[in-house]
Amino acid sequence: MSAPVSLKPHRGAATQAEAARKGAPSGAAASLEVEGVSLSFGGVKALRDVSFSVAPGSITALIGPNGAGKTSMFNCISGFYKPQQGTIRYNGEDITRMHPPHRARIGFARTFQNIALFRGMTVLDNIKLGRHAHLKTNILDAFAYWGRAAREEMELRRDVEERIIDFLEINHIRNMPVAALSYGLQKRVELARALAMHPRILLLDEPVAGMNREETEDMARFILDVKEEWGTTILMVEHDMGMVMDISDHVVVLNFGEVIASGLPHEVQGNAQVAEAYLGAGEPAAIKEKIHKRASVA
Ligand SMILES: Nc1ncnc2c1ncn2[C@@H]1O[C@H](COP(=O)(O)OP(=O)(O)OP(=O)(O)O)[C@@H](O)[C@H]1O
């Protein structure tokens, strides 16, 4: 738990109109509806009849104490788990049983709690791997239609270099191996790789976990910029309550696999059941203090 983040505009931040002119690398915003989802691991009920929705172009945060079911829900949405009951809809389409690669093709991209980058490869090469999810050319095609492959490669470079790298202010590290970067920059590169997939919905798994204050503020601002400039729908799981409350449009709270509260940040902050859930889970003193403080001013 940490204090509200200070959201300074980034140097590269543009207006939505400017971003549209530049051809922002995001498709139209998507909506997501989770309806009656239940998931068990043997006798452990990780999710019980969970329902909530994510509005197009919003930032929705999924929060809750340890073991509440956030990761399980996230994995159902990204396709790594198949719930035993319930439905997940993307722009009205039932995607509950759709495999992750198919989800990537229709507009899903995600980052991971533990950074999932190729550490020996450069920043640029890692980002290119994200973009490859959308290239029409495969290896065999490339032999037969090298012209198309070359064109796509050039388009890819332009895309990566002129938009995402500029946007995330990582031009100075583009040729560095990921392993040589600070933790905060690695998380930013992971975001860049996800953006290179042209997501319509971006799933962020603890985007500021393990970051220091400055890195957290930077990342919070970048996430807001992605929403505001590109209109991407964002769903994040995050423990940093200060950051969640400052940048989210909507907050969904899970406890023991159930939704116990859902609403605007200030509504959730003032919810006694939410404070109780965190206290009951024995979260650190700073969290208790923060929730009490926020509940008393809401
Ligand atoms: N693969 C699994 N096998 C068995 N039980 C699991 C598995 N994954 C999660 N669980 C159980 O499901 C419940 C929800 O866990 P989950 O990881 O989704 O919670 P969480 O809110 O993400 O917790 P945290 O904040 O600690 O990451 C817990 O009781 C957990 O022990």
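Which residue in β4 stands opposite Ser38? The legends below take up this point and others. This is a predicted model, in which local features need pLDDT of at least 70, side-chain atom pairs count only at pLDDT 80 or more, and totals for chains, interfaces and linings use all residues. Residues are numbered from 1 along each chain as its sequence is written.

**View 1. An open sheet of 4 strands with antiparallel pairing.** The strand order is β2-β1-β4-β5. Because β2 (44–54) and β5 (93–94) stand at the edges with a single partner strand each, one side of each has no neighbour in the sheet. Strands (E, at least two residues) and helices (H or I, at least four) are DSSP runs, numbered from the N terminus. Two strands pair if DSSP finds at least two bridges between them. Strands of a sheet pair through backbone hydrogen bonds, either parallel or antiparallel.

**View 2. Strand β1 and its partners β4 and β2.** β1 (residues 32–41) pairs with β4 (residues 85–90) in the antiparallel sense over 5 bridges. The residue opposite Ser38 in β4 is Gln85. β1 and β2 also run antiparallel, joined by 7 bridges. Val37 has Val50 in β2 as its bridge partner. The hairpin of β1 and β2 has 2 residues between the strands, and Gly42 in this hairpin takes a positive phi near 60°.

**View 3. The shell around the ligand.** Residues surrounding the ligand include Phe41, Val44, Ala46, Gly64 and Lys70; a residue is near a molecule if its C-beta atom, placed from the backbone, lies within 6 Å of it. β2 and α2 (70–78) are the elements that give two or more residues to this shell. α2 gives the most, with 3 residues.

**View 4. Helix α8 (residues 213–230) and the residue after it.** The 18 residues of α8 should span 26 Å at 1.5 Å a residue, and the end C-alpha atoms are 25 Å apart, which agrees. The expected span is 1.5 Å times one less than the number of residues. Among the buried residues of α8 are Met219, Phe222, Ile223 and Trp230 (buried: 20 or more other C-beta atoms within 10 Å of the residue's own, with C-beta atoms placed from the backbone). Gly231 follows α8 and has a positive phi, near 70°.

Conventions
Buried ≥ 20, exposed ≤ 12 C-beta atoms within 10 Å, placed from the backbone.
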